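Subject: Structure for you to look at

Hello,

Here is the structure you asked about. Please open it before reading on, and keep it in view while you go through the notes.

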Amino acid sequence: MDKFIKNKLKDLKLSNNYRVRRPRDSGNSHIFIYKKKEYLSFASNDYLSLSNDKRVINSAKKALEKYGYSTSSSALISGFTKAHYKLEEELSDFLGQEKTLLFSTGYQANLGVIKSLVSRSDNIISDQLNHASLIDGSILSRAIFKRYKHSDINDLEHVLSSLDKNKKKLIISDSLFSMDGDIAEIKKINTKANKYKALLLIDEAHALGVHGKDGRGIVNNLKLNNKKNIFITGTFGKSFGTFGAFFSGRSDYVEYVMQKSRSYIYSTSLPANAVEATRRSLKIIKNETWRREKLFSLIKYFRKNIRSMDYQVLNSDSQIQIILICDTKKALYVSEKLLKHGIYLPAIRPPTVEEGKARLRISLTVDHEESDIDYLLNILDTIYKKSCTILK
Ligand SMILES: Cc1ncc(COP(=O)(O)O)c(C=O)c1O
């Protein structure tokens, strides 16, 4: 083995940051089957439990029959079907935006959009806890990249006021932070964006489907959709239970991103079966309010019960609940112990989160029951009591 790589891999192992994959042999619900054993999972982003929904699956099957598997081309050559066209229209209507452009993944959407919106000497002002794809897109754009402290509007203002007035500015934030579960103060961020004539890009990946009326997201809920300076990206790999992503906003900008975005132009478009599955999912998201009601009742139940326990829990009213363990080794230990008790909940470690802030990221979904939360919390409690010397 190459010596350099060997040492790098060794370092990762020594720092407890070496990753392994566990090949799942089941669908993606709250049940995770691994090596023929069934685990209760709190590690899926399928918040509305739609990835195994028969209606979604049947829509995908029908599209497979009609369009075949691959689109065999990028959208600008021959990879754009009537299904893609319809989903773009339906999403624009759902989000209350002028125009939408489908991307193959959220990662690609953020890379392509950011690079199209700003260029070399422009300014990007980014929340410190933004998703990796937003950070990577910012770096790729070669714009001047500044971060403000997480959700700190005063710091945002401080950064904005230090920038050249004549240069373009793009503020970027997740709407629901994926590893903390808290929601950005988008209204306040937009007030600053207006004051400093900045564009605003909000990544609604984790909010769509769950938050806002009919799951239309936080931007829509704040009536900040259809604004000249605000754009959103999102992925279908979470609440939609499907695959793919999009960029949405005023039509001239969306059209421009379509012309300029290299991750759009030079990549095979989404398979039509993923598109049709997403169209079906979108209908369910709009119509089945009971899913959000159930999820929010589970969130409330979790919050009520975790309060009495001796864990450091982040402030979150969302389906993403965080128990801070801090030390990476300890977080791995708790996660392994949970696995032994039939619970699948991988530890979240650096570099996904800051050094010293390893955690358990508990993802609640519609298919969970209160009894599942009881089981998780009871096991956590026994691990804590049995191993408090290790955990403290
Ligand atoms: C906030 C955020 N943005 C973008 C992405 C990327 O989306 P995708 O998985 O479709 O590439 C993710 C998913 O991991 C995410 O959490």
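Predicted model: local features only at pLDDT ≥ 70, side-chain atom pairs only at ≥ 80, totals over all residues.

The ligand

Which residues surround the ligand? They are T105, G106, Y107, N110, H131, S133, D174, D203, A205, H206, T235 and K238. Helix α4, which spans residues 106-117, gives the largest share of the shell, with three residues.

In H206, an N or O atom of the side chain is 2.6 Å from a ligand oxygen. For T235, the distance from a side-chain N or O atom to an oxygen atom of the ligand is 2.7 Å. In H131, a polar side-chain atom lies 3.4 Å from an oxygen atom of the ligand. On its own the ligand has 390 Å² of accessible area, and the protein covers 80% of that.

The domains

How many residues of domain 1 are in contact with domain 2? There are 18 of them, and they meet 19 residues of domain 2. About 1300 Å² is buried between the two domains, and carbon and sulfur atoms give 50% of this area. On the domain 1 side, R292, Q319 and I320 supply 36% of the area buried against domain 2, more than any other three residues.

Two details of the backbone

Where is the cis peptide bond described here? It joins P350 and P351, with omega at about 10°. P351 sits in the loop that runs between β13 (347-348) and β14 (358-363).

The other detail concerns K197, a residue other than glycine whose phi is positive, near 50°. K197 is also in a loop, the one between α7 (186-195) and β7 (199-203).

Regards

Terms used:
Residues numbered from 1 in each chain as written. Heavy atoms only, no water. Near = heavy atom within 4 Å. Polar contact = N/O pair within 3.5 Å; in protein donor to acceptor, adjacent residues only side chain to side chain. Areas by Shrake-Rupley, 256 points an atom, 1.4 Å probe, with all protein chains shown as cover. Helix = DSSP H or I, 4+ residues; strand = E, 2+ residues; numbered from the N terminus. Contact = heavy atoms within 4.5 Å. Buried area = accessible area lost by both parts, 1.4 Å probe.
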